[in-house]
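Look at the chain as a whole before turning to single residues.

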Amino acid sequence: MDNAIWNNRIRERTSDEGASGYLTIDLGAIRRNYERLSAAVSPAKAAAVVKADSYGLGATKIAATLLAAGCRHFFVAHFCEATEIRPHLSGEARIFVLNGLQPGNETPAAEAGIIPVLNSMEQLHLWSATARAFDRRLPAVLQFDTGMSRLGFPPEERAVLAEELRNNQDIEILFIMSHLASADDADSQQNGDQLSEMRRIAEEFPAFEVCFANSGGVFLGSEYHGVLARPGIALYGGAPNNGETNPMEPVVRLDVAVIQTRTVPAGARVGYGATYVTKTETRLATIAAGYADGLPRSLSDRGAVYFNGVRLPIVGRVSMDSITIDISTLPAGTLSLGSLVEVIGPNQTLEMLAADAGTISYEMLTSLGHRYRRQYR
Ligand SMILES: *Cc1c(COP(=O)(O)O)cnc(C)c1O
């Protein structure tokens, strides 16, 4: 694969710099992914979902990068995430809080110009009261539940909501939105069901434009785009559609340092609980990352890391701070103290690692933790 982040050879960086792991985040790739998504949804616009610290990769840096790329709509999950990125964005950028308002956030949200996604009557009333207290109209987005039963106004409240909005002078609705539950599976019938429901809602609330697609939705077709799409994972190089070629450019590379190597005889027990016992004489290396660094215990005796394209299986249980790998297939002496092995990179995509761990790219990324040295390119 021809990607700048991967061309920079592992051996060029050893742990001479002292870190036990290097998490490289390619801001250029994020920008190009944003441009690709923008082109895919044009003439609609692409927002950026930067919740959970931009899926663990650093929201302030990434939001600033996306702003420079032309993005003007940023979605976070929690109010505190909005206040964190606000100073890094210009005034024309709008920040939306997907979880909406929680009591206590109304006043600071109004003061900071942060826009809640109102998911319920309670939140609508809270925001209306805030607007009256501030004696001005306050902006908001309305979210509808189109079949996920998670957040948003349920179908049975729509009539009452429409009636309330006719009389409501307090709130300026910028657009309406809903969230797709199965957009990563283009064959799922739920996509069409949710689209039909969204169309009914748009007819019932004809004054407002629609914001609909997440990353997967971007690739389901233009009828899913509305006027604004909300991709998250695709910006960060994750595959928007299961089982299809990933159209996004990889963003993350993770290399971890070897901290010890050894040769053990047949019958040696490896790691906690001795879940792995060597069958023959085996060369092992212990690397400096574990479940506290987002490499979950479910990778025990399952996953692998790579060196120069060679697969090195994880043997025994993943520890908190280290993992033991079988390096017998490499020529003796190839790896030594300070060598770096690839955990995520050209040989092992985020999706491959997530699959071995029994999870999804989203959870892998948001778990990576803060003990790696982060390098932004
Ligand atoms: C997280 C989230 C997104 C982004 O989803 P991706 O699958 O990462 O593109 C969009 N909208 C809502 C409401 C979300 O919670």
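Domain bounds here come from an automatic or database domain assignment. On that basis the chain is divided into domain 1, residues 3-23 together with 250-376, and domain 2, residues 27-236. The C-alpha centres of domain 1 and domain 2 are 37 Å apart. The model is predicted, so local features need pLDDT of at least 70 and side-chain atom pairs count only at pLDDT 80 or more, while totals for chains, interfaces and linings use all residues. Residues are numbered from 1 along each chain as its sequence is written, and side-chain values use heavy atoms, with hydrogens and water left out.

Where do domain 1 and domain 2 meet? If contact means heavy atoms within 4.5 Å, then 10 residues from domain 1 and 14 residues from domain 2 take part. Buried area is the accessible area, found with a 1.4 Å probe, that two parts lose on being put together, summed over both. Domain 1 and domain 2 bury about 1,100 Å² between them, and 69% of this is on carbon and sulfur atoms. On the side of domain 1, V251, Y362 and Y376 lose the most area to domain 2, together 53% of what that side buries.

Helices (H or I, at least four residues) and strands (E, at least two) are DSSP runs, numbered from the N terminus. The elements that give two or more residues to the side of domain 1 touching domain 2 are α12 (361-367) and β19 (373-376). The largest share, 4 residues, comes from α12. 

Which polar links cross between the domains? A polar contact is a pair of N or O atoms within 3.5 Å; within protein, one must be able to donate a hydrogen and the other to accept it, and residues adjacent in sequence count only if both atoms are side-chain atoms. Between domain 1 and domain 2 there are 2 residue pairs in polar contact, both at pLDDT 80 or more.

Next comes the ligand. A residue is near a molecule if one of its heavy atoms lies within 4 Å of it. By this rule 14 residues surround the ligand, and the closest are K51, Y55, S215, I233 and Y362. A polar side-chain atom of K51 is 2.8 Å from an oxygen atom of the ligand. For Y55, the distance from a side-chain N or O atom to a ligand oxygen is 2.6 Å, and for S215 it is 2.5 Å.

Side chains of opposite charge can pair when their charged atoms come close. A salt bridge is a side-chain nitrogen of Lys or Arg within 4 Å of a carboxyl oxygen of Asp or Glu. One of the salt bridges joins E197 and R158, with the closest N and O atoms 2.9 Å apart. E197 is in helix α9 (residues 189-204) and R158 in helix α8 (residues 158-167), 39 residues apart in the chain.
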